[in-house]
Amino acid sequence: MAGSFGLLYLYSVAPTFFTEALFFTKAAFLTFGGAYAVLPYIAQAGVEQYSWLTGEQMMDGLALAETTPGP
């Protein structure tokens with residue numbers, strides 16, 4: 001796994017991909033439970049720490065995900 005992160009870092013055009021890979025790996029390792037356990041962690045970091053989205057965009061995405069049928 002460390003090798004794939006190293007390759008991503010070396011061959012990435014933008015360091016954002018490397019940052020995202022580390023963030024979502026950390027989210028997978030540090031949160032226990034289903035989607036409702038990991039979503040607040042991702043929402044807080046994505047909005048406040050990394051500024052990938054605004055709070056309104058995050059809420060719109062969560063609402064859309066909840067209304068979309070699927071398993």
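**Helix α3 and its two neighbours**

Helices α2 and α3 are roughly antiparallel to each other, because an angle over 145 degrees counts as roughly antiparallel, one under 35 as roughly parallel, one from 65 to 115 as roughly perpendicular and the rest as oblique. The model is a predicted one, in which local features need pLDDT of at least 70 and side-chain atom pairs count only at pLDDT 80 or more, while totals for chains, interfaces and linings use all residues. Residues are numbered from 1 along each chain as its sequence is written, and side-chain values use heavy atoms, with hydrogens and water left out.

The protein chain has 4 helices and 0 strands, and its elements follow the order α-α-α-α from the N terminus. Helices (H or I, at least four residues) and strands (E, at least two) are DSSP runs, numbered from the N terminus. Of the 71 residues of the chain, 17% count as buried; buried means under 20% relative accessible area, exposed over 50% and partly exposed in between, with a 1.4 Å probe and protein chains only. Among contacts (heavy atoms within 4.5 Å) between residues at least 6 apart in sequence, 24% join residues at least 24 apart.

Helix α3 covers residues 35–49, which is 15 residues, and spans 20 Å from its first C-alpha to its last, close to the 21 Å expected. The expected span is 1.5 Å times one less than the number of residues. Val 38, Ile 42, Ala 43, Ala 45 and Gly 46 of α3 are buried, and the buried residues of this helix pack against α2 (15–30) and α4 (55–67).

On the α2 side, the two helices pack at about 150 degrees with their axes 10 Å apart. Axes are lines fitted to C-alpha atoms, for helices over the stretch in contact, and angles run from 0 to 180 degrees between N-to-C directions. The crossing of α2 and α3 is right-handed, a term for the near helix being turned clockwise from the far one by less than a right angle, with anticlockwise being left-handed. Phe 23, Phe 24, Lys 26, Ala 27 and Leu 30 of α2 make this contact with Val 38, Tyr 41, Ile 42 and Ala 45 of α3. By class, the contact has 8 nonpolar, no polar and 1 charged residues; Ala, Val, Leu, Ile, Met, Phe, Trp, Tyr, Cys and Pro count as nonpolar, Asp, Glu, Lys and Arg as charged, and the others, Gly among them, as polar.

On the α4 side, the axes of α3 and α4 come within 10 Å and cross at roughly 155 degrees, which makes α3 roughly antiparallel to α4. This crossing is right-handed. Tyr 36, Leu 39, Ala 43 and Val 47 of α3 meet Gly 55, Met 58, Leu 62 and Glu 66 of α4, a contact of 6 nonpolar, 1 polar and 1 charged residues.

Ser 51 lies in the loop between α3 and α4. Its phi is near 55 degrees, a positive value in a residue other than glycine. Ser 51 counts as exposed because its relative accessibility is 54%.
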